[in-house]
Amino acid sequence: LSKRLPLRGTQDELDRLSNTINHMLDRIAVSYERIAQFTADASHELRTPVALIRSNAELLLMSPTDNQRTAEGLSDILLESEYMARLIGDLLTLARGSGSDKSIPMELFELGESIDAVIARARSLAETKKITLAYRAETQIVPIRGNRDIFERLLMIFIDNAVRYTPQEGHIELTEWVSNDLCGFIVRDTGIGIAAANHQRIFERFFRVDTARTPRDGGFGLGLSIAKSLVGMHGGTIRVDSELGEGAAFEVAFPRADLKKVLMDSAQGAR
Ligand code: ADP
C-alpha cells in the first residue's frame, strides 16, 4: 500500500485514499446486501416444497397401513420436514433483519399490553415442564415505537429459551421496567446458566453451548441471533447476566417513545 499511495500528506493523496476506502466500503455493503437477499429468496422458495412434503406425509400417516416400516418412515419424514420448516422460517427472519428492509411497519404500542398478549402462550409452554412463570408489570403506561408482532416474537424467543434451559419445576420471572428515556423487560430463569466465556458467542448464528447439560432438543442456535437483529430494528440493546449453574437473566432495553412529541407531530400532521 505504501508503494501505491505514498503518504506524504498532500491533501490530494489523502482524498484519493479516503475515496478508495469509501469505494471498498460501498462494495462490501452491496455484497452483504446481496447475501442477505439471496438467503431471503432461497428460504422463501424452499417454504412451499417443504410445506407440501409435510402435508403429504400428514395425509399418508392418516390413511391406515399395516406396514410398520412405512408408518415409521412417514413419521420421520414429517418430523424432519417440520424441523426444516422451522429452520427456513428462522433463516428468513434473519435475512430480512440483516438486509435494509425498510418495509417493516412501525407503530406506537404499549409495552405492558404487548407483554400481556405473550404471557398466555408463555404460561402454557412453562406448564409443560411444571415451571412457574411470574410477571411483574409496571403500573404506568409505557409507550414504545416499533412493530408489535416482531416485539412479541422477540419476547417469546427469550421465554422459549428460559423454558428450554430450565429443568422441570424451575422458575421464570418476567419483569417489565421503565426509566427516564428507556424501557424494556428482563427474563430471568433458574436454569443451567451460561459461563461468562460464552456470553458473546451465544448471539452468533448457529452457536450452541456444547455441554452435557444442554438439552439436544432441536434448537438451531439461531434464536438469540434473531433476537439481536429484532432488537436492533427497534434501536434497542440486549444484556445477559449469568453464571454457569446459576440461572440466566436477559435484559432488553428500548428507547421509550416520547408521547408528547408523538402527539405534537400528529397534531401538526393533521393541520
Ligand atoms: P438455541 O436455543 O436454538 O440453541 P439460541 O441462539 O436461542 O439457540 O441460544 C444459543 C445458546 O445459548 C443455546 O444453545 C444455549 O446454549 C444458550 N442459552 C440461551 N438461552 C439460555 C438460557 N436462558 N439459559 C441457559 N443457556 C441459554
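Colleague: Which element gives the largest share of the lining of the largest pocket, and how many residues does that come to?

Modeller: That would be α4, with 8 residues. Before I go on: this is a predicted model, so local features need pLDDT of at least 70 and side-chain atom pairs count only at pLDDT 80 or more, while totals for chains, interfaces and linings use all residues. Residues are numbered from 1 along each chain as its sequence is written, and side-chain values use heavy atoms, leaving out hydrogens and water.

A pocket here is an open set of points on a 1 Å grid over the protein atoms alone, where a 1.4 Å probe fits and protein lies on both sides within 12 Å along at least five of seven lines; lining residues have an atom within 4 Å of a point. Helices (H or I, at least four residues) and strands (E, at least two) are DSSP runs, numbered from the N terminus.

The largest pocket holds about 740 Å³ of space, a volume being what probe spheres set on the points fill, with points joined across faces, edges and corners. Its lining has 33 residues, and N161, R164, Y165, G223 and L224 lie nearest the centre. Besides α4, each of α2 (68–98), α5 and β7 brings at least two residues to that lining. Sorted by class, the lining comes to 16 nonpolar, 7 polar and 10 charged residues; Ala, Val, Leu, Ile, Met, Phe, Trp, Tyr, Cys and Pro count as nonpolar, Asp, Glu, Lys and Arg as charged, and the rest, Gly among them, as polar.

Now the ligand: the space it takes is the largest pocket (more than half of its atoms lie within 2 Å of the grid points). Around the ligand are 19 residues, the closest being N161, R164, Y165, R208 and L224 (a heavy atom within 4 Å counts as near). α4 (148–164), α5 (223–233) and β7 (248–255) each give at least two residues to this shell, which has 11 nonpolar, 5 polar and 3 charged residues.

As for polar contacts (N or O pairs within 3.5 Å), a polar side-chain atom of R208 sits 2.5 Å from a ligand oxygen atom. A backbone N or O atom of L224 is 2.8 Å from a ligand oxygen atom, and one of V209 is 3.2 Å from a ligand oxygen atom. On its own the ligand exposes 530 Å², and the protein buries 98% of that (Shrake-Rupley areas, 1.4 Å probe).

Notes:
Polar contact = N/O pair within 3.5 Å; in protein donor to acceptor, adjacent residues only side chain to side chain.
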